[in-house]
Amino acid sequence: MLTLNASHLVHLPALVFAVTVGITYPLALVGQHLKVPISELSQTGNHPPASYVFTFGCCLSSFFIFLTYFFVNETIRDSLNKNTLLYRISLILNISASLGLAGLGIVSDLADHNLHGLFSFVTFSSLLANGFIINWRLGLKAGARKRIFTYVIASMTYGILVSFHFSWARNMILASYSYETYVMTRAILQWSTLIALMLFISTF
């Protein structure tokens, strides 16, 4: 029987994604492809060579998200297995997050803004929905405080970020602040969501 270190495997998607960001962002800055210093991650993968790294990194992270689901720590796996319906829902969410992240890397924001945005929504929503199921099943067990706190932060920042895409919210902000401030605020919310999600994953 194949024995893998689940505590390390489950961190691989976040690690690969962090390395991807660490390479693409400086490349985009050096190439002067960012309109503002603090930009959304999608803006870093619009032009080569950063786009090549972004596509490869997203696809590799996508593969690891799908793979590591089957090797998550025993507490999570056993808890989900006790409820067949939840297990199946969680598996579907895992697959949709994997496909969404792969699509996010393959279809750049510059190539098709709407499709790229859809892939982004599918990825984040699936990860957060799966996180909700895991939190619900694990309850207040060891390490619950950090796990729940990081999940709540990720959910809140992503919820605010999504609201920014509605015209009423955008117009309200632009009435008092510049477009550059609006863009950077969106970027900060996205980065906050990403960091909180990575910290959430690190609790497994």
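These are my notebook entries on a predicted model of a protein.

**Ground rules.** I number residues from 1 along each chain as its sequence is written. Because the model is predicted, local features need pLDDT of at least 70 and side-chain atom pairs count only at pLDDT 80 or more, while totals for chains, interfaces and linings use all residues; side-chain values use heavy atoms, with hydrogens and water left out.

**Overall make-up.** I looked up the secondary structure and found nine helices and zero strands. Helices here are DSSP runs of H or I with at least four residues, strands are runs of E with at least two, and both are numbered from the N terminus. Along the sequence the pattern reads α-α-α-α-α-α-α-α-α.

I then checked burial. Of the 204 residues, 45% are buried (buried is under 20% relative accessible area, exposed is over 50%, partly exposed is in between; 1.4 Å probe, protein chains only). The accessible surface is about 11200 Å², and carbon and sulfur atoms hold 70% of that (Shrake-Rupley method, 1.4 Å probe; for residues, only the protein chains shown count as cover). Among contacts with a separation of 6 or more, 69% are between residues 24 or more positions apart (contact: heavy atoms within 4.5 Å).

**Helix 9 and its partners.** I took helix 2 (residues 12-30) against helix 9 (residues 179-202) and got an angle of about 150°, with the axes 10 Å apart. Axes are lines fitted to C-alpha atoms, for helices over the stretch in contact, and angles run from 0 to 180 degrees between N-to-C directions. Helix 2 is therefore roughly antiparallel to helix 9 (under 35 degrees is roughly parallel, over 145 roughly antiparallel, 65 to 115 roughly perpendicular, the rest oblique). Residues making the contact include Phe17 and Tyr25 of helix 2 and Trp191 and Met198 of helix 9.

**Loop between helix 2 and helix 3.** I went to glutamate 40, which sits in the loop between helix 2 and helix 3 (50-68). Glutamate 40 is buried, at 11% relative accessible area. Leaving aside neighbours within four places in sequence, I find glutamate 40 in contact with Arg186, Ala187 and Gln190. Its C-alpha is 7.7 Å from that of methionine 184, across 144 residues of sequence.

I also checked the backbone in this loop. Most residues other than glycine have a negative phi, and most peptide bonds are trans. Glutamine 32 lies in this loop and has a positive phi, near 55°. Glutamine 32 is exposed, at 71% relative accessibility. Proline 49 is in the loop too, and a cis peptide bond with omega of about 5° joins proline 48 and proline 49.

**Cysteines.** I searched the whole structure for disulfides and found zero (a disulfide is a pair of cysteine sulfur atoms within 2.5 Å). Cysteine 58 is buried, with 0% relative accessible area, whereas cysteine 59 is partly exposed at 29%.
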